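Me: Could you help me learn to read helices, sheets and salt bridges in a protein model? I would like the general idea each time, and then the case at hand.

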Amino acid sequence: MNTGSFRCSLCGRRIKVQSQIDMPIFDPNTGFAVCKNCIKELNRYIDEDEHRRFHENKKTFSDTLGELLEKNKPHVIKAYLDEFIIKQERAKKILSVAVYNHYKRMKYGLDHVGTDEEIDKSNVIIMGPTGCGKTALLSHLSKLLDIPFAVTDASSLTEAGFVGADVEVAVRNLYYAAGQDIEKTEHGIIYLDEFDKIARKSGENNSITADPGHEGVQQGLLKMLEGSVVEFTARGQRKHPEAPTIKVDTRNILFIVGGAFVGIDKIVAKRVRKGEASLGFGVDIQPKEDSDEKFNELIHQVRPEDLMKYGIIPEIIGRLPVICTLEVLDEHSLLRILTEPKNAPVKQYQKLLAMDNVQLEFEEAALLAVAKKAIERKTGARSLKGIIEDVMLDVMFDIPKVEVPRKVIVTEECINEHAEPKIIFLDDEVKTA
């Protein structure tokens, strides 16, 4: 448009136009024009109206709570977990009931506002060996319920005065997992992993090299677990008196603390044997299978007094009334994990290679070799995908070079001797047939 002075048809002001931005809307035939100030004002009104209507139509968590409870009864939650988690039947039942009761408690509180009636919160302590499915269970649980879920490494937390992260970091992580929505944050799940690493030094199972302040960290977590307003600064900001803070009420946040709790079985064994002439479980030389079976038997017998001996302070134990225990995964279980769940490692690689027109097969002996390697590494299901990744690396590198239908067969030798997988060109197979 030409430069000059033009009158805005909306505000009536005469605007000196030096570029089209000064008068974004201009019709030279009719003289109709709208200046940039009016455009900005219209945008502001539109944004405010959309924001208002969004919040008017947005359902609060309390509005959806009844629906959440109706759709997610304990048996429904467990059936969903069964699709992803192999074995651990007891743990799946305990968590299904614990989560259902936690949200029922919230519903009861909303229905009885203004009364003295209150149901105490039942936070959970979950324990089991490395790679048995603790984090996977909770991750799938949060997806089913469609609620924010955040994992914080408890071993990184320190008592005030020590270098490290404050206990409030756990709530801050949930806040960002909830998209910085405070209401969603206040109804989410926090998982404190490696919780056994903050057991106090006076516990029977702790080394003399334990970091100072572990008991202080447990003390710092007390109010948060029970329910209090936690203040924290935005991510990346240093904590000082003038820094703006975000406040989150933890009364309705479900806290689940977990870890391997290495050696807890020995503490249980001593209690169970009641002073028998024995040095405790694990000392006698036993076959591996028998050791795992004994461990699985003992881990389900953990009581609060065993956790106290381990080094967890009594006040914390009182706020973790639900004890959820997971078993060692045997060879058969690891074999099932490779192929049965919806997100099984073998299925994932089959889907990836199918995108390159390649069929992937694992011989039964190869899957068994993967399971055996995972047991040797003592990392449970956690290492299964890594073992397969080592075998598949060269195949996945070379496959995209040629766009021809093929079948890749992984054998036992591929796992144990790093042999190349068998590759069959499907066109040749058809011609041969």
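This is a predicted model: local features need pLDDT of at least 70, side-chain atom pairs count only at pLDDT 80 or more; totals for chains, interfaces and linings use all residues.

Me: In which hand does H4 pass H5?

Reply: A crossing is called left-handed if the near helix is turned anticlockwise from the far one by less than a right angle, and right-handed if clockwise. Here H4 passes H5 in a right-handed crossing. Residues are numbered from 1 along each chain as its sequence is written, and side-chain values use heavy atoms, with hydrogens and water left out.

Me: At what angle do H4 and helix H5 pack?

Reply: Axes are lines fitted to C-alpha atoms, for helices over the stretch in contact, and angles run from 0 to 180 degrees between N-to-C directions. For H4 and helix H5 (residues 134-145) the angle is about 40°, and the axes are 12 Å apart. Angles under 35 degrees count as roughly parallel, over 145 as roughly antiparallel, 65 to 115 as roughly perpendicular and the rest as oblique. H4 and H5 are therefore oblique to each other.

Me: Which residues make the contact between H4 and H5?

Reply: Contact means heavy atoms within 4.5 Å. On the H4 side you find Ala91, Lys92, Leu95, Val99 and Tyr103, and on the H5 side Leu137, Leu138, Leu141 and Leu145. The contact of H4 with H5 has eight nonpolar residues, no polar and one charged.

Me: How do H3 and H4 cross?

Reply: The axes of helix H3 (residues 74-82) and helix H4 (residues 89-111) come within 9 Å, crossing at roughly 135°. H3 and H4 are therefore oblique to each other, and H3 passes H4 in a right-handed crossing. In this contact Pro74, Ile77, Lys78, Leu81 and Asp82 of H3 meet Glu89, Lys92, Lys93, Ser96, Val97 and Tyr100 of H4. By class, the contact of H3 with H4 has five nonpolar, one polar and five charged residues.

Me: Which residue meets Asp82 in a salt bridge?

Reply: A salt bridge is a side-chain nitrogen of Lys or Arg within 4 Å of a carboxyl oxygen of Asp or Glu. The side chain of Asp82 meets that of Lys92 in one, at 2.7 Å from N to O. Asp82 lies in helix H3 and Lys92 in helix H4, ten residues apart, and the pair links distant parts of the chain. In the whole structure, a search finds 22 salt bridges.

Me: And in which hand does H2 pass H4?

Reply: That crossing is left-handed. The axes of helix H2 (residues 61-71) and H4 come within 10 Å and cross at roughly 135°. The residues of the contact of H2 with H4 divide into eight nonpolar, two polar and two charged.

Me: Let's turn to sheets. In what order do the strands of the five-strand open sheet run?

Reply: Two strands pair if DSSP finds at least two bridges between them. The order is E6-E7-E10-E5-E11, and the pairing is parallel. Strand E6 (149-153) and strand E11 (322-325) stand at the edges with a single partner strand each, so one side of each is left without a neighbour in the sheet. E6 pairs with strand E7 (residues 189-193) in the parallel sense over five bridges, and Thr152 stands opposite Leu192 in E7.

Me: What is the pairing in the sheet E12-E13-E14?

Reply: In this open sheet of three strands the pairing is mixed. Strand E13 (residues 406-410) pairs with E14 in the antiparallel sense over four bridges. Arg406 stands opposite Phe425 in E14.

Notes:
Helices (H or I, at least four residues) and strands (E, at least two) are DSSP runs, numbered from the N terminus. Ala, Val, Leu, Ile, Met, Phe, Trp, Tyr, Cys and Pro count as nonpolar, Asp, Glu, Lys and Arg as charged, and the others, Gly among them, as polar.
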